[in-house]
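Please have the structure open beside you.

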Amino acid sequence: MIIGVLGAGQLARMLALAGKPLGLQFIFLDPAPESCAAEVGEHLQGAYTDRALLAQLAQRCDVVTYEFENVPVEIIDLIAEQTPVYPPAKALAVAQDRLLEKNFFRDLGIATAPYAAVNSLAELERAISDIGWPAILKTRTLGYDGKGQALTRSSEDLAGALEQLQGAPAIVEGFVAFQREVSIIAARSVSGAIVYYPLSENQHRNGILRLAKSSANDPLQSEAEVIITRLLEALDYVGILALELFDLNGHLVANEFAPRVHNSGHWTIEGSETSQFENHLRAILDQPLGDTATRGFAAMQNFIGGTPSLAEVLAIPKAHMHLYNKAPRKGRKVAHATLRADNPEELAEQVAVLKHLADQSDDS
Ligand code: AMP
């Protein structure tokens with residue numbers, strides 16, 4: 001079987017690494033001349049809108065998937081005329097636009113921060129008079145890792161915040177004074193079978209995920225499963241879906257979802273019986289989904305902009321390094337390491353060592 005992937009970054013690379021033992025082959029479409037997935041599959045270099053390359057991908061692949069949200073929806077529709085594409089285009093369309101996404105949550109009865117669409121200073125002032133301070137202004141589209149966002153604390157910040165967004169259509173959201181950030185990852189197969197991973201507890205800095213930890217027996221697990229099931233079913237979803245949530249006083253508030261394998265699920269490679277990457281492939285191929293049980297306690301540390309030496313990471317007995325072979329660049333995710341432990345205390349000790357190493361090589 002041949003899997004087509006739009007995008008050839010580290011997520012595509014890890015999908016292919018998970019698919020090799022299943023006998024799968026991979027073709028990636030990506031405009032970048034150097035792509036880190038190219039080592040583990042065939043790289044078609046060209047624009048995502050290149051009709052000839054899209055036709056080739058559709059013709060040669062049994063199923064097509066994608067590793068990032070900013071794929072134009074028309075491309076998915078075009079490929080889907082010939083070859084199945086998962087996750088479905090609707091999930092992509094909703095996830096691409098923060099306003100549609102928040103409306104979608106609201107229509108499904110899923111709690112969100114208070115929000116409003118804003119296109120001018122007057123609208124922003126009006127919205128904040130309802131929402132209150134602090135508030136976060138976000139571009140509706142193309143925002144990721146905290147980009148396209150501005151925190152506002154008083155009316156003096158508003159004009160500058162709007163300017164920062166350079167006239168892009170925006171939403172404003174109330175600031176959620178959360179205790180924790182968590183995510184739930186689930187897989188749904190073509191036949192509709194669903195499996196859920198244990199919640200991941202996530203720490204961000206400058207809008208970028210740094211540390212993700214499995215949260216065994218989390219009191220919010222079942223609430224998170226109910227919420228993500230509503231999304232999976234409303235979207236007739238196929239593949240891995242990741243939902244980012246805030247824990248606000250013991251209840252979940254939805255922030256956003258990603259229709260793809262997700263950085264907060266990287267610890268599942270060594271930390272779970274079946275990784276998110278393998279379950280994504282099983283789901284889109286309509287194979288039985290794998291057990292999601294955690295093997296002990298697991299965590300993942302991202303390396304941004306640079307990495308410690310391999311020897312320093314591998315000296316931690318239960319650490320596993322994942323280098324993406326990407327050229328280091330400021331703010332770029334270049335590797336991660338997974339930790340496993342038999343108890344939370346051991347995990348905390350190992351995390352402290354790894355975090356220290358990451359801080360030394362981190363450039364952001
Ligand atoms: P996002 O791009 O929406 O995932 O935002 C990036 C990060 O900004 C999140 O992981 C949170 O740490 C923070 N953030 C985003 N929206 C809010 C909000 N409404 N209230 C508080 N923090 C937020």
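This is a predicted model: local features need pLDDT of at least 70, side-chain atom pairs count only at pLDDT 80 or more; totals for chains, interfaces and linings use all residues.

Residues are numbered from 1 along each chain as its sequence is written, and side-chain values use heavy atoms, with hydrogens and water left out.

The domain assignment of the protein chain, with bounds from an automatic or database source, reads as follows.

| Domain | Residues |
|---|---|
| domain 1 | 2-85 |
| domain 2 | 114-174 |
| domain 3 | 180-361 |

Taken over C-alpha atoms, the centres of domain 1 and domain 3 lie 23 Å apart. Their contact (heavy atoms within 4.5 Å) draws 19 residues from domain 1 and 20 residues from domain 3. Between these two domains about 1,700 Å² is buried, 71% of it from carbon and sulfur atoms; buried area is the accessible area (1.4 Å probe) that two parts lose on being put together, summed over both.

How many salt bridges join domain 1 and domain 3? The count is one, a salt bridge being a side-chain nitrogen of Lys or Arg within 4 Å of a carboxyl oxygen of Asp or Glu. Glu-69 forms a salt bridge with Arg-260, and their closest N and O atoms are 2.5 Å apart.

On the side of domain 1 that touches domain 3, helix H1 (10-19) and strand E4 (63-66) each supply at least two residues; helices (H or I, at least four residues) and strands (E, at least two) are DSSP runs, numbered from the N terminus. H1 gives the largest share of that side, seven residues.
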